[in-house]
Amino acid sequence: MKQLMYYSMYTTYMKKIIFGIFAHPDDEAFGPSGTLLLETRQGTELHLVTLTAGENGTNPDGHERLGDVRLEEWKKAGALIGATSLHHFGYEDGTLNNLNHIEITQRIESLVIETIGSQSDIEIEMMSIDLNGVTGHIDHIVASRSAVLAFYRLKAKGYPLTRIRLSCVPYSQLPNPNTSFVFMEAGRSDEEIDEVVDASIVLPEIYQIIRAHHTQRDDGQRHIENLGDGVAINSFFILT
Ligand SMILES: [Zn+2]
């Protein structure tokens, strides 16, 4: 662990904009929602992307159009996080591939360019999840790799991108690969983790954000039971 950042000590004079790129409507909620909430409370403008509506997720209430319900849940969670805008790219849940990866990257680039318009004196950060997809889900891998590719391309074009933070699981939480569903690598070592954000001061809000995804409540509850107050501790590795 190289850096521990306390946001109360963090001041910035330039307007900061974060683009959060995720695959499913609940990814940021179950992942780095605490960090994103601290950011928006510090005045950062946040734009969220979900590549899919998560229509093939668990459906305990038997909704006929689960994707529509999940997008509504995502909007509620996005409002709780303080996002300025939310963008659903409309890909089919569970089917992302290399061709999508190329197209998604271009769409992220366009979104960033259109959103910032002619603003100067800004800094742009991106956020996504570990390049290994954290849970190993292919959609997560495509989201992460597309975000990183868009980050480097925009930077090469001269846009003021500072860093991309990739939310990861620390080794202490997952010392062994999880092979119960798809292959999930062991967590990242302390040396690989560049930043740990402690968002405990917004813990009740994080629970609210997780629970906004009512259809995914079994996953949400399991997540809360596994991590307890640790849901407020977000680990990242950072690419610049
Ligand atoms: Zn997901």
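This is a short walk through a few parts of the structure, which is a predicted model.

Let us begin with a pair of helices. Two packed helices are described by the angle between their axes and the distance between the axes. Here, helix 4 covers residues 98–116 and helix 5 covers residues 138–156; they pack at an angle of about 50 degrees, and their axes are 8 Å apart. Helix 4 and helix 5 are therefore oblique to each other, and their crossing is right-handed. On the helix 4 side, the contact is made by Asn100, His101, Ile104, Thr105, Ile108, Glu109 and Val112. Helix 5 brings Val142, Arg145, Ser146, Ala147, Leu149, Ala150, Arg153 and Leu154 to this contact. Sorted by class, the contact between the two helices has eight nonpolar, four polar and three charged residues.

In soluble globular proteins, nonpolar side chains tend to be buried together. The largest nonpolar core in this model has 51 residues, and those with the most contacts inside it are Ile21, Met126, Ala143 and Ala147. Helix 5 supplies the largest share of this core, seven residues.

Our last stop is helix 2, residues 33–41. Just after helix 2 comes Gly43, with a positive phi of about 100 degrees.

Conventions:
Residues are numbered from 1 along each chain as its sequence is written. This is a predicted model: local features need pLDDT of at least 70, side-chain atom pairs count only at pLDDT 80 or more; totals for chains, interfaces and linings use all residues. Axes are lines fitted to C-alpha atoms, for helices over the stretch in contact, and angles run from 0 to 180 degrees between N-to-C directions. Helices (H or I, at least four residues) and strands (E, at least two) are DSSP runs, numbered from the N terminus. Angles under 35 degrees count as roughly parallel, over 145 as roughly antiparallel, 65 to 115 as roughly perpendicular and the rest as oblique. A crossing is left-handed if the near helix is turned anticlockwise from the far one by less than a right angle, and right-handed if clockwise. Two residues are in contact if their C-beta atoms, placed from the backbone, lie within 7 Å. Ala, Val, Leu, Ile, Met, Phe, Trp, Tyr, Cys and Pro count as nonpolar, Asp, Glu, Lys and Arg as charged, and the others, Gly among them, as polar. A nonpolar core is a set of buried Ala, Val, Leu, Ile, Met, Phe, Trp, Tyr and Cys residues joined through C-beta atoms within 7 Å. A residue is buried if 20 or more other C-beta atoms lie within 10 Å of its own, exposed if 12 or fewer, and partly exposed in between; C-beta atoms are placed from the backbone.
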